[in-house]
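Work through the exercises below with the sequence and the model open. Try each task before reading its solution.

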Amino acid sequence: MAVLKIVSMGHPVLRQVADPIPLKDIQSDEIQNLIEDMVETMFDYNGLGLAAPQIDVSLQLVVMLWGFDENPENNRVRVLINPEISPETEEESKFWEGCLSVPGMRGLVSRPNKIHLKAYDQAGKAFEEHISGFAATVVQHECDHLHGKLYVDRISDMRNFAYEQEYQRYLAHPPEKEKK
Ligand code: ZN
């Protein structure tokens, strides 16, 4: 296991469309080790999710914490391989997003608040789920990485793009509370 280096905005891999992983390769040592290293990296950086392009691997692979409970013990790691998402509502929710590839920044992004997800897990098993709320935002953020998109592309009003420190000082509480 190893903590991998995370690349930052400006690195061209973050703007590429990632390749799907052939299903026969999911169980390979190469992919299984990559998943383990990505999980370790996500925890080391305190991220909620990590997409393979962020560690300079242009494959359709995401690891993320699922549940987003106040109690982190209730959150479990999920692996999404070749995910496909589609919105299930026109209703949107706004959250202040951050990204390990855009360190120290936050931006307010509006996204559909209910989605349908189809993907393969780390055993190569297909699954689908309906996801809503903050988890839907995290899944969309991570899947954007697989299509060369960053959350900063989706900030509709650049006045809502801030340094983390000022976000915590001035912006964190009002918009977060509104949504609950
Ligand atoms: Zn990100």
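The model is predicted: local features need pLDDT of at least 70, side-chain atom pairs count only at pLDDT 80 or more, and totals for chains, interfaces and linings use all residues. Residues are numbered from 1 along each chain as its sequence is written, and side-chain values use heavy atoms, with hydrogens and water left out.

**Exercise 1. The sheet**

Task: find the order of the strands in the three-stranded open sheet, and the helices that lie across them.

Solution. 
- Step 1. Helices (H or I, at least four residues) and strands (E, at least two) are DSSP runs, numbered from the N terminus. Two strands pair if DSSP finds at least two bridges between them.
- Step 2. The order is β4-β5-β8, with antiparallel pairing. β4 (92-99) and β8 (161-163) are the edge strands, each pairing on one side only. From one strand to the next, the twist averages 20°.
- Step 3. Take contact as heavy atoms within 4.5 Å. Axes are lines fitted to C-alpha atoms, for helices over the stretch in contact, and angles run from 0 to 180 degrees between N-to-C directions.
- Step 4. α2 lies across β4 and β5, at about 55° to β4. Helix α3 (residues 164-171) lies across β4, β5 and β8, at about 105° to β8.

**Exercise 2. The second largest pocket**

Task: state which element gives the most to the lining of the second largest pocket.

Solution. 
- Step 1. A pocket is an open set of points on a 1 Å grid over the protein atoms alone, where a 1.4 Å probe fits, with protein on both sides within 12 Å along at least five of seven lines; lining residues have an atom within 4 Å of a point.
- Step 2. The second largest pocket holds about 260 Å³ of space. It is lined by 17 residues, and Ile85, Gln140, Cys143, Asp144 and Arg154 are the closest to its centre.
- Step 3. β3 (76-87), β5 (102-112) and α2 (134-145) each supply at least two lining residues. β3 gives the most, with six.

**Exercise 3. Positive phi**

Solution. 
- Step 1. Most residues other than glycine have a negative phi. Phi is near 60° for Asn46 and near 65° for Asp56.
- Step 2. Asn46 is in the loop between α1 (29-44) and β1 (49-51); Asp56 is in the loop between β1 and β2 (61-66).

How values were computed
Grid points are joined across faces, edges and corners, and a volume is the space filled by probe spheres set on the points.
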